[in-house]
Amino acid sequence: MQLVNRFAKMFEASPVIIVDSGVTVDNPQTESPVAKSAIRKVAIRLVPFVALMFFINYLDRTAIGFASPNGMNDDLALSAAQFGFASGVFFIGYILLEVPSNLALHRFGARRWLARIMVSWGIVALLFTWVQNFEQLVVLRFLLGVAEAGFFPGAILFLSLWVPARYRGRILMLFYLAQPLTTVIGAPLAGALIQQHGVFFGLEGWRFMFMGVAIPAIVVGVIAWFYLKDKPADAKWLTPEEQTWLTGALEAERKTTESSEKHVSARFAFSSGRVWMLSFIYFGFIYGLYALAFFLPTIIEGFQTEAGGAYDVFQKGLITAIPYLPAAIVMYFWSRDAGKRGLKTWHIAVPALAGAVSIPLALFMGSPVATMIVITVTACAIFAALPNFWTLPTQFLTGVAAAAGVALINTIGNLAGFSAPYITGAVHDWTGGYEVPMFIVGGFMLLSAVLMVVLARQNRKTPDAVTVERAESVAGEG
């Protein structure tokens, strides 16, 4: 509880509210005790629980990567191409239903829809325990994508509906900590489950691992139905004063954003140049993230060759987790800095540039230690940018437009999840090495940095734009 309270203190003040046609600057010293108390309660009661949901979500999605080299490929007689196809087909189902799922969330309520999504994907994930062949694996991976569609943008939207804009970056940072911690905790956990070969009804270790990561999704999904609330007015753990303050602050922001009616329609989200620009920026980050996940196991195999030995499943999990713990720490302090200064363009563009340089550089390191250091830089860069990035869409979108816009951005980003393994593999086969594929990864991340700067400059010239640059003009360069 002390750790949670320490995190909660972060949310008591953040200096800038960015709204549609202007910027309001808050003085943290004059913030009311009611505001501080309300935000702290949200940080303690909601954010860790939604982060736990995200933790389980990411672990279930990536479990196939742990199962593949630990018996699944051999038991199902999968070729490398078949495994790659089964891994990627997840994103087809995910992408097809991402936007409709988020629109349904807006219609039926975040609490019900997020709980439904979680139970659905938990049931599908559990069925992997008994998969028998390639065809069944492909069908289940596709259905898993269908079941999970809408969860991540839905969680982002849900948290955005609970906190005013000036607190949103830090709230999303705490939520996003679940992703690197999934690898820090999840990789060794998956390894430990896989080692329980034949312990549970004679199941192979990889099958027991699928069961072990699926059941928590079902259990937590059922709990979410009762635990989560759709809006502050429904939260009995808030005092009447706190409910009034949160509701009033959120309503004031909504009215300001809705001063132009187009900002609340799905049509605006799909036709907005800013939404599409943010989509391509996000694509670069996710391409780097999945390339890192794809590339790291290959590097670890190379470490074994250099060391003249072999690692067991648990040891591989620990090595895989190395870059992600520093990434979680850097994410915390980077987002904290963005909260103190006011979000700046360089809070997103600089990490993109660092990732663009570091990920191809990893190929030219002369030792395992140096290689892991450079890979850690890449992980830190990606995770430092993502929570700050996700504060941008809801600064100029609300209502149905926010649901559609966030889902569209996440959909375009997840195209990288489908394309990164294939492009990397195809270019590797064509060139005989990973040098060109990793430079392609660096190129996409460099494009994200450039587009972020371009977007900021364009919006600076637009009188009603909600942009990072508008915040800079008031908060100063810091």
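Visitor: If a nonpolar core is a set of buried Ala, Val, Leu, Ile, Met, Phe, Trp, Tyr and Cys residues joined through side-chain atoms within 4.5 Å, which residues have the most contacts inside the largest one?

Guide: This is a predicted model, in which local features need pLDDT of at least 70 and side-chain atom pairs count only at pLDDT 80 or more, while totals for chains, interfaces and linings use all residues. Residues are numbered from 1 along each chain as its sequence is written, and side-chain values use heavy atoms, with hydrogens and water left out. Buried means under 20% relative accessible area (1.4 Å probe, protein chains only). The largest nonpolar core has 150 residues, and those with the most contacts inside it are Met-72, Phe-175 and Trp-390.

Visitor: Which helix gives the most to this core?

Guide: Helices are DSSP runs (H or I, at least four residues), numbered from the N terminus. With 16 residues, the element that gives the most to this core is helix 14.

Visitor: How many residues of helix 8 are buried?

Guide: Helix 8 spans residues 151–160 and is mostly covered. Its buried residues include Phe-151, Phe-152, Pro-153, Gly-154 and Ser-160, and the count of buried residues in helix 8 is 10 of 10.

Visitor: Which residues lie nearest the centre of the second largest cavity?

Guide: A cavity is a set of points on a 1 Å grid over the protein atoms alone where a 1.4 Å probe fits but cannot get out, and its lining residues have an atom within 4 Å of a point. The second largest cavity is lined by 14 residues, and those nearest its centre are Arg-61, Gln-179, Tyr-282, Tyr-290 and Asn-414.

Conventions
1 Å grid on protein atoms, 1.4 Å probe; cavity = no way out; pocket = protein on both sides within 12 Å on 5 of 7 lines; lining within 4 Å. Buried < 20%, exposed > 50% of the residue type's maximum accessible area, 1.4 Å probe, protein only. Helix = DSSP H or I, 4+ residues; strand = E, 2+ residues; numbered from the N terminus.
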